[in-house]
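Biologist: Could we go through this structure together, one question at a time? Please spell out each term when you first use it.

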Amino acid sequence: MKEKLKIGDKVEVIDAGLLMLQRFAPKKSKPNNVGKIAEILEDGSILVEFKLSGKDHSQVAPYPADMVRRLDK
């Protein structure tokens, strides 16, 4: 059964590139593939917002829905 995702859900993105980059991050760095859903597009793609640093510093990237998994709150 496919889970129902909604705006604001905390999610992880299953992306080989992000996971590879995380291997080079300093120890104890927060995961680079965890963010929250900013928008769900008409084609089903999901815009995931990744917080970077500071209160208003983030970036948004689109992913196919099958690469996005909701994390328990």
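Biologist: Is Lys28 buried or exposed?
Modeller: This is a predicted model, in which local features need a pLDDT of at least 70 and side-chain atom pairs count only at pLDDT 80 or more, while totals for chains, interfaces and linings use all residues. A residue is buried under 20% relative accessible area, exposed over 50% and partly exposed in between, with a 1.4 Å probe and protein chains only. Because the relative accessibility of Lys28 is 87%, Lys28 counts as exposed.

Biologist: Where is Lys28 found, and what is its phi?
Modeller: Residues are numbered from 1 along each chain as its sequence is written, and side-chain values use heavy atoms, with hydrogens and water left out. Helices (H or I, at least four residues) and strands (E, at least two) are DSSP runs numbered from the N terminus, and Lys28 is found in the loop between α1 (16–22) and β2. Although Lys28 is not a glycine, its phi is positive, at about 70 degrees.

Biologist: Which pattern does the protein chain follow along its sequence?
Modeller: The secondary structure of the protein chain comes to 1 helix and 5 strands. Read along the sequence, these elements follow the pattern β-α-β-β-β-β.

Biologist: What is the radius of gyration of the protein chain?
Modeller: The radius of gyration is taken over C-alpha atoms, and the globule rule is 2.2 Å times the number of residues to the power 0.38. For 73 residues that rule gives 11 Å, and the value for the protein chain is close to this, so the chain is as compact as a globular protein of that length. The radius of gyration itself is 12 Å.

Biologist: Which strand pairs with β3 over 4 bridges?
Modeller: Two strands are said to pair if DSSP finds at least two bridges between them. Strand β3 covers residues 46–51, and within it Leu47 is the bridge partner of Glu39. The two strands of the hairpin have 5 residues between them, and Gly44 takes a positive phi near 95 degrees. The antiparallel partner joined to β3 over 4 bridges is strand β2.

Biologist: How many bridges join β3 to β4?
Modeller: Strand β4 takes in residues 58–63 and runs antiparallel to β3. As an example of residues facing each other, Leu47 stands opposite Pro62 in β4. The number of bridges that join β3 to β4 is 6.

Biologist: How many of the 6 residues of β3 are buried?
Modeller: Across the protein chain, buried residues make up 26% of the 73 residues. Strand β3, by contrast, is mostly covered, and the number of its 6 residues that are buried is 5.

Biologist: Is Tyr63 buried or exposed?
Modeller: The place of Tyr63 is in strand β4. Contact means heavy atoms within 4.5 Å, and, leaving aside its neighbours within four places in sequence, Tyr63 is in contact with residues including Val13, Leu18, Ile46, Phe50 and Val68. Since its relative accessible area is 11%, Tyr63 is buried.

Biologist: What is the relative accessible area of Gln59?
Modeller: Gln59 also has its place in strand β4, and, not counting residues up to four places away in sequence, Gln59 touches Val48, Glu49, Phe50 and Leu52. The C-alpha atoms of Gln59 and Glu49, which are 10 residues apart along the chain, are separated by 5.6 Å. Gln59 is partly exposed, with a relative accessible area of 44%.

Biologist: How far apart are the centres of the positive and negative side chains?
Modeller: Lys and Arg count as positive and Asp and Glu as negative, while His and the chain ends are not counted. Each charge is placed at NZ of Lys, CZ of Arg, CG of Asp or CD of Glu. The protein chain has 14 positive and 11 negative side chains, and the distance between the centres of the two sets is 9 Å.
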